[in-house]
Amino acid sequence: MPPDTNGDAFPIQGIDHIEFWVGNAKQAAYYFCNAWGFHPVAYAGLETGVRDRTSHLVAQSNVRFVFTGSLVPDSPITEHVGRHGDGVKDVAFKVPNAEEAFHIAVERGATPVLEPTASEDEHGKVVRASIATYGETIHSFIQRTDYSGPFLPGFRAVDTAAGNDVGIKAVDHVVGNVELGKMNTWAGYYADIMGFTNLVHFRDDQISTEYTALMSKVMWDGVGRVKLPINEPAPGKKRSQIDEYLDFYRGPGVQHMALITKDILKTVGALRDRGVEFLRVPDAYYDEVRERFADLSDVDVAALQSERILADRDEEGYLLQIFTKPVVDRPTVFFEIIERHGSKGFGLGNFKALFEAIEREQEARGTL
């Protein structure tokens, strides 16, 4: 029986999980459990009958990360990690009908990667299918309506005692970097294939400093379950963060993921205590914040300044955000922590301070 789509021909119920292909899956999972407060949930590998790879699923509230590493030298995972370093392979969507989602996407022009495939175990059945997006990234469609297991067939549950929650609740958005001139192409892809719309468009004169610039379009599902900003570089005096990413990642891919918290001060404090490093903005930035938030008594600017958290507001409310330094060896993948109070924005008022902070890091790396 076809699912009730409520008029949506391509219903997406949210982000099911994000899968990283990495050089050492066990160590990556350990890092996110011990530094980020995730807890181990499920495992697949030699002990479960998988011979070519090992995967560790960790979770915190509604966020699920899968870290997958190769067990053999000549595999797509090994090749991917050799080319890109540790990075995101799959931004997987939960859907009511994976077969239908796949066929609609392919009919609309998507490149198929995995035909709809059903897997079963004692917990039930999961249907999975995949399509290509920018670079070597894919989107999987996961239908788990009849499944009660820890993750997917082939995974076994593991001890969930480890990991102290830091207050991360959900994925707010996932940002992709693409080549110069390709932003509109991929924005059109999400519009044509999935029916997404453009939530906001940032021009290069809005996202720039004296030296670097970029352009961005935020595509979303219309309700906020899935938001996918797409960045491309813009001409500037020096090499932008997008250029740096494309150079070191060897092409387009996921640049960063924004994770929602309800208490950013508590979350960031806990992450710092565990060794997570964040970008720093100068004290002068907070003079402007005090002016912008002078009429809001519930915003403690001094506390924000102590943790170097950015603040922005618009007609709908305000948001607080902070960005980590790269969490992998290459200057590619990083994370954002965000707390929203009505605002659906992305911190336009913070872009200059943020980009100057990134440029200071680039200068230290010799890549600006």
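Q: What should I know about the model before I start?
A: It's predicted, so local features need pLDDT of at least 70 and side-chain atom pairs count only at pLDDT 80 or more, while totals for chains, interfaces and linings use all residues. Residues are numbered from 1 along each chain as its sequence is written, and side-chain values use heavy atoms, with hydrogens and water left out.

Q: How do I read a nonpolar core, and how many residues has the largest nonpolar core here?
A: A nonpolar core is a set of buried Ala, Val, Leu, Ile, Met, Phe, Trp, Tyr and Cys residues joined through side-chain atoms within 4.5 Å. Buried means under 20% relative accessible area, exposed over 50%, and partly exposed in between (1.4 Å probe, protein chains only). Here, the largest nonpolar core has 85 residues, and those with the most contacts inside it are Trp36, Phe65, Phe67, Phe93, Phe141 and Met194. Apart from it lies another core, of 13 residues, including Ile142 and Leu152.

Q: Which residues does methionine 194 touch?
A: A contact means heavy atoms within 4.5 Å. Leaving out residues up to four places away in sequence, Met194 touches Phe10, Ile12, Phe93, Arg108, Ile131, His139, Phe141 and Tyr189.

Q: How do I tell a pocket from a cavity?
A: On a 1 Å grid over the protein atoms alone, a cavity is a set of points where a 1.4 Å probe fits but cannot get out; a pocket is an open set with protein on both sides within 12 Å along at least five of seven lines, and lining residues have an atom within 4 Å of a point. Points are joined across faces, edges and corners, and a volume is the space filled by probe spheres set on them. The largest pocket here comes to about 560 Å³. It's lined by 26 residues, with Glu19, Arg53, Leu114, Arg128 and Leu152 closest to its centre.

Q: How many cavities of 30 Å³ or more are there?
A: Four, searching the whole structure. The second largest cavity holds about 140 Å³, and among its 14 lining residues Glu244, Pro326, Phe334, Ile358 and Arg365 lie nearest its centre.

Q: Is aspartate 312 buried or exposed?
A: Buried, because its relative accessible area is 10%. Its side chain joins that of arginine 292 in a polar contact of 2.8 Å (a pair of N or O atoms within 3.5 Å; within protein, one must be able to donate a hydrogen and the other to accept it, and residues adjacent in sequence count only if both atoms are side-chain atoms).
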